[in-house]
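Okay, everyone, thanks for coming. I'd like to walk you through one model today, so let me put it on the screen.

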Number of protein chains: 2
Amino acid sequence: MDTRTGLPVVGMVGGGQLARMTHQAAIALGQSLKVLAAADTDGAARVATDTEIGSHTDLDALLAFARGCDVVTFDHEHVPTEHIRELVKAGAVVRPGADALIFAQDKRAMRERLTASDVPIPRWAPVRTKEDLTGFAHGNWPIVVKAERGGYDGRGVWIIDGPDGAPDGVDLIAEERVPLLRELAAVVARSPFGQVAVYPVVETVQRDGICVEVLAPAPGLDGDRAVQAQDLAIRIATELDVVGLLAVELFDTGTDLLVNELAMRPHNSAHWTIEGARTSQFEQHLRAVLDYPMGDTSMTAPAVVMANVLGGRPAQNADMSLDERLHHMFAAEPAVKVHLYGKEVRPGRKIGHVTALGDDLEKVRASAARAARWLSEGGEER
Amino acid sequence: MDTRTGLPVVGMVGGGQLARMTHQAAIALGQSLKVLAAADTDGAARVATDTEIGSHTDLDALLAFARGCDVVTFDHEHVPTEHIRELVKAGAVVRPGADALIFAQDKRAMRERLTASDVPIPRWAPVRTKEDLTGFAHGNWPIVVKAERGGYDGRGVWIIDGPDGAPDGVDLIAEERVPLLRELAAVVARSPFGQVAVYPVVETVQRDGICVEVLAPAPGLDGDRAVQAQDLAIRIATELDVVGLLAVELFDTGTDLLVNELAMRPHNSAHWTIEGARTSQFEQHLRAVLDYPMGDTSMTAPAVVMANVLGGRPAQNADMSLDERLHHMFAAEPAVKVHLYGKEVRPGRKIGHVTALGDDLEKVRASAARAARWLSEGGEER
């Protein structure tokens with residue numbers, strides 16, 4: 001506890017943009033986020049006073065970090081669960097707990113658990129050999145293979161046309177390639193008390209396995225289907241005893257909603273909530289892990305679009321500095337809000353996002369895309 | 001410049017809540033605000049990595065601080081103008097400049113300047129003796145006397161019934177006590193390029209000389225009158241060559257708008273813009289001092305109310321911690337947004353503010369008042 005203010009101290013393991021934006025939300029709540037960053041150049045380390053440098057796989061660093069925190073939570077899902085259990089043994093409060101977080105870390109464990117709960121997911125199986133792959137595909141190539149652990153943002157996922165396409169030396173699961181209309185996400189926050197607060201269901205638009213755009217609410221989604229997705233998220237959060245945010249990535253096949261992946265932290269699919277919902281996902285995550293009552297999740301406008309800004313793509317104006325691009329973007333789109341992550345620009349790297357909102361989805365979407373293009377490529381036309 | 005991102009570094013002199021909230025805005029712009037704070041317990045010092053400790057009256061501290069900044073700006077108006085001129089001589093870019101800032105520092109200089117520009121202000125005169133006071137009042141007591149320099153939040157202002165009521169040892173101006181309907185504020189941002197962006201005119205509700213509530217837009221304000229107030233703000237910003245934010249506090253007498261005070265920094269009367277306008281005053285101030293194009297100032301809802309949270313007032317639940325109060329407030333008002341400044345609670349001290357918004361002013365106002373009461377007094381009823 002902060003003895004001057006009487007307010008709690010939340011520690012976040014990981015110093016990326018999620019911690020950076022959570023720090024902004026913590027400031028409003030009278031706090032200062034405590035961050036365990038891998039390096040002092042991490043996005044959150046550059047803006048949060050109370051940053052320690054250390055590895056999320058170093059138990060001693062974690063134990064030292066947790067000592068100053070009322071609650072420990074995460075910017076990513078890569079902290080080993082055995083370390084989390086040691087933290088709890090040492091008296092730390094860790095949210096979400098290891099028993100929940102394992103299902104965001106381990107794609108096989110997640111699928112076994114969701115199958116046991118009758119949650120609809122694509123057909124899958126653990127695979128260890130080429131024979132396993134051939135048996136699973138049953139002639140229906142391509143199939144999807146995923147590393148059981150460690151993947152994110154399209155990394156650790158392969159679409160293969162035959163048994164030789166799978167990577168070696170990685171524990172894999174195979175999954176049928178579902179014919180889908182689109183991808184959706186349902187994000188819910190849950191407190192230790194058990195209160196849940198769910199955001200409107202969004203459509204996530206992917207390119208090369210990376211989410212490039214989020215449309216809130218998911219356009220044309222039937223009301224019943226939206227409630228079904230929200231119910232699914234609430235049910236998973238409750239059954240898995242998640243505390244904090246849970247993002248449920250979904251495949252919309254037109255007839256079914258199938259769970260693709262789970263994340264238990266603030267998530268790219270809810271960045272739109274900073275301006276687009278009464279309570280941002282970052283504030284909501286803090287409220288949840290602190291067992292505060294949840295904030296209002298209603299939207300601030302009928303249509304909200306978030307577009308990711310990817311760095312350094314080859315373009316006509318690649319020599320234009322990010323600062324110049326920002327000038328042009330602000331001149332072109334005075335109502336679009338920008339969030340830059342303090343990162344060095346590298347090809348394909350998410351360096352920020354933009355949010356546009358208004359009454360007309362197509363106009364809002366065009367504004368967000370235009371703003372993201374100015375920041376990514378330094379130009380108006382593709 | 002930040003060599004990793006290619007983005008500029010803004011330095012703010014003063015580490016209070018204005019710097020704290022400006023840091024939140026800087027983070028979104030990919031920056032980290034550099035802060036010169038008086039103590040490491042200051043609101044901004046507790047949340048901003050790049051904080052130096054030093055006095056705003058110490059020229060050496062200011063010079064050292066300015067070296068790392070692309071632009072230097074202010075959380076308050078107490079930096080001596082001669083120091084600002086030395087900073088500029090040393091190569092610093094300071095916005096607003098000394099020639100503008102003097103009119104926010106010196107109430108006499110401001111009144112002389114506005115008189116020369118035919119800007120309507122209450123009748124006033126510099127006073128040095130009891131005879132000056134008696135002559136100014138001309139039998140019409142009470143009158144208002146103000147310290148020429150150093151006042152804020154009702155400090156440095158006295159209402160006196162006779163010549164003996166004025167404080168000794170302070171250079172004063174006297175001002176007629178204007179019969180007024182209410183107080184208004186018009187806030188405008190201006191860039192070095194000369195672009196201006198003005199916010200909707202608000203009503204500021206005062207109690208004991210401290211602003212307790214801001215209503216946006218000012219209820220029942222005639223459209224022409226609102227434009228008149230905005231024009232006045234734009235004219236003053238332009239004539240005084242203000243860069244950054246200018247807050248113009250106004251008396252609404254029912255027939256006239258008279259300028260009361262000027263501030264050249266983010267201002268309490270525009271805290272509502274964080275959630276209530278597309279661009280917050282903190283982001284707008286950064287955009288202005290960086291000569292970025294200005295952001296959209298339109299409102300996000302028809303009615304927005306900001307209520308200040310004053311600390312430690314005697315109440316039925318004075319022993320309830322701020323953290324407990326926050327729990328109750330969130331439960332009572334899940335859509336109200338809170339901003340706490342990381343301060344130790346002391347009687348009458350502004351420790352934060354809350355913002356409510358919606359379609360119906362009276363409901364929004366009741367929500368904001370209720371939330372502020374929970375945080376101030378730990379209870380529902382007054």
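This is a predicted model: local features need pLDDT of at least 70, side-chain atom pairs count only at pLDDT 80 or more; totals for chains, interfaces and linings use all residues.

Now, which residues of H7(A) are buried? That would be Ala229(A), Leu232(A), Ala233(A), Ile236(A) and Ala237(A). Looking down the axis of H7(A), those buried residues fall within an arc of 130°, so they line one face of the helix. Remember your helix geometry: an α-helix has 3.6 residues a turn, so residues three or four places apart point the same way.

And what do the buried residues of H7(A) pack against? Four strands of chain A: E9 (182-190), E10 (196-198), E13 (244-252) and E14 (257-263).

After H7(A) comes Asp241(A), with a positive phi near 55°.

Okay, on to the two chains. Chain B goes onto chain A by a rotation of 180° with 0.0 Å of shift along the axis, RMSD 0.0 Å. The two copies are therefore related as by a two-fold rotation axis. In chain B, the residue whose C-alpha comes closest to that axis is Thr49(B), at 2.1 Å.

As for the contacts, 40 residues of chain B touch 40 residues of chain A. On chain B's side, H10(B) gives the most, with six residues. By class, that side has 18 nonpolar, 14 polar and eight charged residues.

Note on methods
Residues are numbered from 1 along each chain as its sequence is written. Chains are lettered from A and ligands numbered from 1 in the order in which they are written. Copies are superposed by least squares on the C-alpha atoms of residues with pLDDT of at least 70 in both. Two residues are in contact if their C-beta atoms, placed from the backbone, lie within 7 Å. Helices (H or I, at least four residues) and strands (E, at least two) are DSSP runs, numbered from the N terminus. Ala, Val, Leu, Ile, Met, Phe, Trp, Tyr, Cys and Pro count as nonpolar, Asp, Glu, Lys and Arg as charged, and the others, Gly among them, as polar. A residue is buried if 20 or more other C-beta atoms lie within 10 Å of its own, exposed if 12 or fewer, and partly exposed in between; C-beta atoms are placed from the backbone. The arc is that of the directions from the helix axis to the C-beta atoms.
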